[in-house]
Structure formats: C-alpha cells, structure tokens
Amino acid sequence: MPQTLRRRLGRLSPRLVAVSLAGVVALGLGSCGKQQDQVTVGLIVKRNTNPFWVTMKDTAEQTADDDNVKLLTAAGTSDIDNRSQVAALQKMTAQGAKGIMITPANSRAIVPAIEKARRAGVTVVALDTPTQPLTAVDALYATNNLEAGELIGRYAKAKVQQLGIEPRVAMLDLAPRITSGVLRHNGFLRGFGITDRSPQIVGSAYTLGETARGEDAMRRLLAQNPGINVVYTVNEPAAFGAAQALKAAGRDDKDVVLVSVDGGCDAIKNGVRPGVIDATAQQYPENMARLGVQALADAERGGPKPRGYKNTGVELITADPAKGVPSKDVGFGVRNCWG
Amino acid sequence: MARESVVPPQAAAQPATTARPQGTGKKRLVYPGFTVPFILLVLCFAAWGSAANLTDVLVGVFRHIFTMSNFQSSLVQFAYYGAYFSLAIPAAVINRRYGYKTGVLTGLGLATLGGLVFLPASRLLAFVPFLLALFVLAAGLSILETSANPFAIAMGPEESATQRLNLAQAFNPVGANIGVLLGAVLILPNLTPEPAKLVMTHQQLRDSQEHDLNLVLGPYLGIAAVLALIWVLIALRGRATPAERSQETGDAKGGVLGRLWRNPHYRFGVAAQFFNVGAQVCVWSFTIQYATDVVGVPTRHAGWYLQASLLLFLVARFAMTYLLGIFRPTLLLFLLAALGVGLAVIAMVSLNMVGLIAVVGISLSLSLMFPTIYGVSLQGLGEDTKFGAAGLVMAILGGALMPPIMGKVMDQAGTATAFIVPAICLGFVALYALFDLRTRRHAGPLVAEGAH
C-alpha cells in the first residue's frame, strides 16, 4: 500500500472507528421488525388473586406489548362471579375490542352475553374452561385434562409395577359434574388401565380442590382402608392435604404413590422437588394467554379467525422418573411453573 | 482468556515500576507514534473479554434452543477453553518467530473468522457447527491474548511496562461485563418461551429455533465486525515496535521441569489454579440455570444475576488488592476459598433466593484467587519463573474439563446438588492455601500477575 494512502487512512482511524461502530449499531436497530397496526383485545379472567389467572394476565400483557396490541383486562371477584364477567364483556365490546378472551366463571350462564358480543362482531375465545355448549365461543384454548389425567395414571401404574405392590387406589376428585375434574379423573383411570368399577379403587371423595378438604377426605379414606398406596388428586392443593393426612397416619412418602395435576410453582418446589408429590401434570396458562392474544390480533389484522379447540400443552413433571413414561425434570417444572 | 487475562511468562516477571524517562519530568506511557496502536490494542482486551463471557450465557441458551442436557450444553465451555489451552503454545511460537504484531493480527483474523462461522452455523440449525465456530473464535482470541500482552509491554519504555499492561488489562473486565450485558439484553429476553414450544408444529419449531439462533448470531457478528475493524486499523497503523525485546522463555533447560516438579508449592499451585479456573467457569456457566431451574427466575431476567456476579468480581478485585497489602495472601486465599465452599453449600441446600444470592456471592471469593495462586506458586522460583508461569497458564484446562463434569452431575442429581463440583474445587484451593500457611519456605517476593 502506498505510504501516502497508508498515512491518510491512518489519520482517519478514529473517525473510521466511530463511523463503523455507528454502522454496526444502525444495522442492529434496522433489524428490528416493522411495527404493526395497533388493535384492541380483551381478557376477562375469573379473579385477580389466583396465581393461575395472574400468570395468564401477565403473559397476555407482555404478549400485547410485544405485538402492539391494546389489551383491556377485567376480573371477577371470585371463581363463580358471572355478573362481573357479563359486565366486562359488554364494556369491552363498547370500548371497541374486536376480540375477547374469557375464562368462564359459569360455563352456562355466560353464554347469552357471549352470543350478544359475537353478534356485535366480536370474536370470543374461551381460555382454560369450556362454555356449555362448546359452540358458544369461536375457539377454546385449554389444557387437555383427559391427557393430563392419563399422564399421571400411566406414571402411577409404572411406579406400582416398579415397587411391586398391589395397588389400592384412592381418588380425590373435584366435585360432581365439573368438566375439568371429570376429564382428569377419567384420564387417570385410562392411564392406570382401570375403570370406576375396578376393585383396585378402594375409595373416593370430593375435595373441591382444597387442601383442608383434601386432608379430611384422605384421613377418612385411610381410616376405612389403611393400605391405600396410590392416591389420585385432582389438583395440588388437594394433594398437599392428602400428603398431610398420610404423614399424620405415619405413612412414608416412599410407600405411597401420590399424583396430581396443575404445575403451580409452590407445588413443584415444595411438593414434587422433595418427593411429597411423586408426579404432577403441568399445564400452561401462559400458552393460553399468548396464543389467545396472538390469534385475536392476527384475526383483527385480517388473518384467519380462531376456530375450534387448541391444546395448550401438558407435561408430566417428576423428580423420580418412571421407566417408559416420558417426563420432564423438576428444573423444567420450576422454569415453567405458574404462580 | 475469558476470566483472567493471563499475562504470559515474559510479562509476569516485569518489575512493578513506573519510572520516568531520564531527562524528562513526565512519565511516558508509550513510544511516540504508538498512542493509536495502543488504543487499538486496548480495544482487543475489551473484545476478548466480551466474547469470553458471552459464552457463559450461551451454555443456558443452547440448552434452551436445542433442548439438550446440561452436559451437552456445557461443551460450549469445553470448546472455548479447549481452544485456549490448545493454542497457547502455537501462539507463543508465532510470536517468537514472526513478532507480536503478526501474532495480534493472526489472532484477530482467526477470531473474526470464528465470529463469521456463526453465520453458516445458524443456518444449519445444529449444535456442532456452533462448537466449531466457538473453537475457532477462542483459538483466535488465545493467540490474540498471548500476543497482545507482550505487545503492550513492547509499545513503550520498559519502566512503564507494568502500568501500560495494567491499563490495557483494566479493559478486559469491562469487556467481560459488556459480553454478559449483550446476552442479558439481546438474547435471553427474546428467546422463544419454553412452554410455547410444547404446542408448536415441526415447522414452527424450526422457525423458532432459527429465530433464537439468529439472536445468538447478532452479538457474535457484532464482535466479529469490531475485531475485523481493529484488524484493519492495526494492519494500517500498528507498527512493529522499535525493539520487540526478546523475552523468550528459552528452551526448557535441562532440569527445569524436574526442579518445578519437586517444588510442592509450584506443583500444588498448578493443581489449585486448575481447580480455581474450573470453579470459576462452572459457577458462571451455571448461574443462569440456577436462577431459572432452582429459584424460578424468568429466563428474561436471569442474565442479570450473572451480571451481578461479574460486577461483584470486579469490585471485589479492587478491594482485595487493598487487603492483600495488609494480610498474608494465602491467609486471605484460605478465608475466601472457605467462604466459597460455604456459599456453594448454601446454594446446594437453600433452594431459593438465598441460594441464588450465595451463587452470586461465590464471585467474591473467586476475585482474588487467580493472581494470588499465580504469585504464590511462582514465589522464589528464580530463573525457573518464566517457564513455571507457562504451566500455570495451561491450568486454564480446568475451565474446559470441569463444566462438563458439573453438567453431568446436574443431569443426574439436579442443578443445586451440582454445586458440589465448585465446592470441591474451591475446597482444593483452600487446602492449597492451608498448605502454604503451614509450610516454612524462603519468603521471596510475590510474582505479580499483570493487572490482577
């Protein structure tokens, strides 16, 4: 290289550095995608205090931020507060939301309000809980509860075989005719390879998914049949109740296979990790919210309307895997738990 | 090198003086006309710090993108530190035969090439090409570092060599923090959420993988661009130094190896350095995993805990420099190694935020180890110092071998339990300090380890 050119280039060095660095930054900024038109979407959850709904709302807000969606949110005062949800549907429709996600507090009573909103041109997606009838909404984004039950049923069966014990099963259910509870129950039976009339089932009780009722029910079932060695629970609060009763009865964690459904953070960290709960089927409220916001925003921007049922995923989480049953470890469970 | 900018043997023996040139009242840092080349060289120190500590973030990122085990993802560090180890001697040969400037340019060129290899690797959607890219990048950085340290020394009067080297090396931890920042800001928050992948079609999964790998690609292409720019500028401006003072270590004279091997302070020192580097790379490689898998910190926030570790390390380094002037170095080394073991045990048993704070706190104990072990091991070696220093530099192999071991333990026994690995490593360092404290030996001056 000629000496003069070399000297000139040399003198340019600091400027060249600055320009080049600016170029790198500009390239980086330029790679950011083009902002889409803002659209309005609503989310109505059952209440704002339950970690499951809080996770759903947080994810919806984050997704809305990322996708330039104006998100309207509302919540009832309890898990059965239909009136607040009806009012929220009307208000959001009036505010111009063209898509609304709702977690029905009352699967039947909410239907007229949903139909009214749909007649006004609003696309409605039910999250987590189906409406009755299912066709009252455009789409349902929810956990496949039958699959969730089946996963823990298969796990419990494999563990029983591994331990070489004669199964004596206790079923701690939700409540009569509640769809999610019935599906989990049926899924467990299918996974375990038994039916409601099978002799392996030595007792069952409703817990309403609560710890105190779970403990009480388990205590009564143990009094009737102290040899219970497999416990199905409809959710983790009930599982913790069952675990307390088992402990009070002097039963060792290792002698009883206790399974559940939900995948909340408290249960994964304090139940599954120490082995109090042997396995749980983890569901993902964040998927319900994310997919719901994205689908409704797409539809408002001219994309296809959400239709039918979308499985939002379920995974078996355990610290003690069973041979032949796919599962994820506790680390995965903690990373992706809700609450 | 990533964590500890290792001064090569030549530099290690530089006297810690900053004399003024005769006949002037002003200290001269570099020879006339070497200001810009020196600034460019300083940028190199920052660049390899960035690249090195970005790999800590990558261990978790690749596990996420390729849904692989902790052992597999830890191969990122095996590739990186393996390259550093493998290229140390060839780098020295290049410097001796062709000069430091050629060494710096070779290192920069190879590292730039490594950064560019990320481009085809991200298109192939496979892990191994990324390992190859990292290996090439680290190979370049190894040569760069081996050349840049003595190059910095040769850029000015011998009297200000240590000052020059300290100044240049001060930019290494700055770069290291920038590297983690790049990961914490540009990569981790934008990764496809893990649950979202559970319900994706095969094509959607491929698309998400491509998206996530492009996130990795961005910072490395940026680093490659900066390295290429520095290469051009040094090629144009970086002069060969007036006298690249011959600082050859000389051939291993007969008996040096034997003398070093018979010196238990040195022999155990190399082992202690191996375990120290191993502990450091393990802790920093798996801090993000501890935050996400044990405590449940969202992935998008987890990088900040690694950032906190590095900042703590940086601040503690300064504090330790002060304390080393008051206390016997191996006493401080013992106390901090014992603290490190204690913190690792807390991380194993407190599976919550306390455990995570303990993991971050381990960086405090790590802060003084490398330079202290370096100095204590070489103390009183006399003419064997330069050759002995090379062995301590090679102890970086610990950074390549220990993370896969920890990854394997994580896969088998859980993330928190795996902190038994750094606990054992730091326990060995504590034993080394205890050994020195309980042994009488000739108290020669400690050998300074450059900027540390």
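Are Cys265(A) and Cys337(A) buried or exposed? In this predicted model, both of these cysteines are buried. They also belong together, for Cys265(A) and Cys337(A) form a disulfide in which the sulfur atoms lie 2.0 Å apart. A disulfide is a covalent bond between the sulfur atoms of two cysteines. Over all chains, the count comes to 1 disulfide.

The link of Cys265(A) and Cys337(A) is right-handed, with 90° about the S-S bond. It joins distant parts of the chain, since its two ends are 72 residues apart. Cys265(A) sits in helix H9 of chain A, which covers residues 265–272, while Cys337(A) is found in the segment that follows helix H11 (330–335) of chain A.

Cys425(B) is buried, with a relative accessible area of 1%. Cys44(B) is buried too, its relative accessible area being 0%.

Chain B contains 18 helices and 0 strands. Of its 452 residues, 58% are buried. Among the contacts in chain B with a separation of 6 or more, 85% are between residues 24 or more positions apart. Chain B exposes about 16,700 Å², and carbon and sulfur atoms supply 67% of that area.

Terms used:
Residues are numbered from 1 along each chain as its sequence is written. Chains are lettered from A and ligands numbered from 1 in the order in which they are written. This is a predicted model: local features need pLDDT of at least 70, side-chain atom pairs count only at pLDDT 80 or more; totals for chains, interfaces and linings use all residues. Side-chain values use heavy atoms; hydrogens and water are left out. A disulfide is a pair of cysteine sulfur atoms within 2.5 Å. Helices (H or I, at least four residues) and strands (E, at least two) are DSSP runs, numbered from the N terminus. Buried means under 20% relative accessible area, exposed over 50%, partly exposed in between (1.4 Å probe, protein chains only). Contact means heavy atoms within 4.5 Å. Accessible areas come from the Shrake-Rupley method with a 1.4 Å probe; for residues, only the protein chains shown count as cover.
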